[in-house]
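The entries follow the order in which I went through them.

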Amino acid sequence: MRRISRITVAGAATASLALALSACGSTSTSGSSDSKGDKGLAIAYDVGGKGDQSFNDAAYAGLEQAKKEFGYQTADVEPTEGETNADKEQRLASLAKQGYNPVIGVGYAYAAAVKDAAAKFPDTTFGIVDDATINTKNVADLVFNEEQASYLAGVAAAKTSKSKVIGFVGGVDIPLIHKFQAGFAQGVKDTDPKVKVLSQYLTQTAEEGGFASPDKGKTAAEGQIEKKADVVYAAAGLSGQGVIEAAATEKVWAIGVDSDQYQQEALAKYKDSILTSAMKDVAKAVYNLAKSVEDGKPETGIVRGDLKTGEVSLSNSNPKFADDAELQAAIKTAKEKIISGEIKVKSS
């Protein structure tokens, strides 16, 4: 059942609020309100926006699942170039004021905005993906052990490489992406210590476009391939599309991230070069938070997904990957050892 506090704010949407929302990012709404008139899940995208075939699109998939199951109105809002924390907070607050619940900021950059908006709307449940710093009773920190899936990607890369050189391209030089790099490098080393990992970060800050510049990703991957890398793993959001394009052009392997990039329509012409993807189920985390609110028992605090819960994993969509018995056996063994605690995966 929906919470009574949802109903009391449901009629707050006005034309002025719509204008305020559009001023700090474009928005789309879909579905129809339930019989009580209150609204459901709203998400605010990270840099790169919807259509990145990765992180943001995974969040949108969770929103679509919630809309279909619960039959309520949803909203998803794009970021704007050069926006401030105040812009982000205004976006989240406007969604909450209109009656959306829960309201989720997709990406660590929303941390300050989620904290401020949650304080102003204590009867609304907020969520943030990829940040565990907000300790507020109406906020769910949706985080993942990305390093665990990245370790398995490292196993796959080391077993697949013939040149004994592998590339890692990180979008932005921040602790979150360090987790991807650390797990990947450890998986490679534990599998074959003779394999060299070339690592490069595209930018120092997200504002410089590290998560939203396919051209930067392509250039970085081309440089690694020139140095004999025959498998390249990208943890770079939209920029990862450039890495995949470069791998396909040079006929080497790419490893995708966050979503199953082999299945992404926009990447279809490159899919035969996508070995696997190190996935984290942002869609499930987003949907689960929406369901918890719908059930009247909203999630709060740190909500973590890992190999044990199945919320981080490697995709098996590419038949050449899925049908390689030796490779699959090595990945299975590593996965079991991580879950049991025999392998401790580094996060930095």
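How many cavities of 30 Å³ or more does the structure hold? I found 1 cavity of 30 Å³ or more. I note at the outset that this is a predicted model, in which local features need pLDDT of at least 70 and side-chain atom pairs count only at pLDDT 80 or more, while totals for chains, interfaces and linings use all residues. Residues are numbered from 1 along each chain as its sequence is written, and side-chain values use heavy atoms, with hydrogens and water left out.

**Entry 1: the cavity**

I took a cavity as a set of points, on a 1 Å grid over the protein atoms alone, where a 1.4 Å probe fits but cannot get out, and counted as lining any residue with an atom within 4 Å of a point. Volumes are the space filled by probe spheres set on the points, which are joined across faces, edges and corners.

The largest cavity has a volume of about 190 Å³. Its lining consists of 20 residues, and D46, F55, F211, G237 and D258 lie nearest its centre. The elements that give two or more residues to this lining are α3 (55-70), α7 (175-191) and β10 (253-258), where helices (H or I, at least four residues) and strands (E, at least two) are DSSP runs numbered from the N terminus. Of the elements, α7 gives the most to the lining of the largest cavity, with 3 residues. I sorted the lining of the largest cavity into 11 nonpolar, 4 polar and 5 charged residues, with Ala, Val, Leu, Ile, Met, Phe, Trp, Tyr, Cys and Pro as nonpolar, Asp, Glu, Lys and Arg as charged, and the others, Gly among them, as polar.

**Entry 2: the pockets**

I then turned to pockets, meaning open sets of points with protein on both sides within 12 Å along at least five of seven lines. The largest pocket holds about 460 Å³ of space. It is lined by 22 residues, of which V47, T80, G82, A206 and E207 lie nearest its centre, and this lining divides into 10 nonpolar, 7 polar and 5 charged residues.

The second largest pocket holds about 190 Å³ of space. Among the residues that line it are Y108, D130, D131, F144, K179 and R304. The elements that give two or more residues to the lining of the second largest pocket are β6 (139-144) and α7, and α7 gives the most, with 3 residues. By class, I noted 7 nonpolar, no polar and 5 charged residues in the lining of the second largest pocket.

**Entry 3: how α6 packs**

How do the axes of α6 and α7 cross, and within what distance do they come? The axes of helix α6 (residues 146-160) and α7 come within 6 Å and cross at roughly 40 degrees, the axes being lines fitted to C-alpha atoms over the stretch in contact, with angles from 0 to 180 degrees between N-to-C directions. That makes α6 oblique to α7, since angles under 35 degrees count as roughly parallel, over 145 as roughly antiparallel, 65 to 115 as roughly perpendicular and the rest as oblique. α6 passes α7 in a right-handed crossing, that is, with the near helix turned clockwise from the far one by less than a right angle, anticlockwise being left-handed. With contact taken as heavy atoms within 4.5 Å, the residues of α6 that meet α7 include E146, Y151 and V155, and those on the α7 side include L176, K179 and F184. This contact of α6 with α7 divides into 9 nonpolar, 6 polar and 5 charged residues.

The axes of α6 and helix α12 (residues 325-340) come within 10 Å and cross at roughly 150 degrees. That makes α6 roughly antiparallel to α12, and the crossing of the two is right-handed. Here Y151, L152 and V155 are among the α6 residues in the contact, with L327, I331 and I338 among those of α12. The classes in the contact of α6 with α12 are 9 nonpolar, 2 polar and 3 charged.

**Entry 4: α8 with α9**

Helix α8 (residues 214-226) packs on helix α9 (residues 240-249) at an angle of about 40 degrees, with their axes 6 Å apart. That makes α8 oblique to α9, and their crossing is right-handed.

**Entry 5: backbone**

A cis peptide bond, with omega about 5 degrees, joins N101 and P102, and P102 lies in the loop between α4 (85-97) and β4 (103-106). D130, a residue other than glycine, has a positive phi near 75 degrees and is found in the loop between β5 (126-129) and β6.
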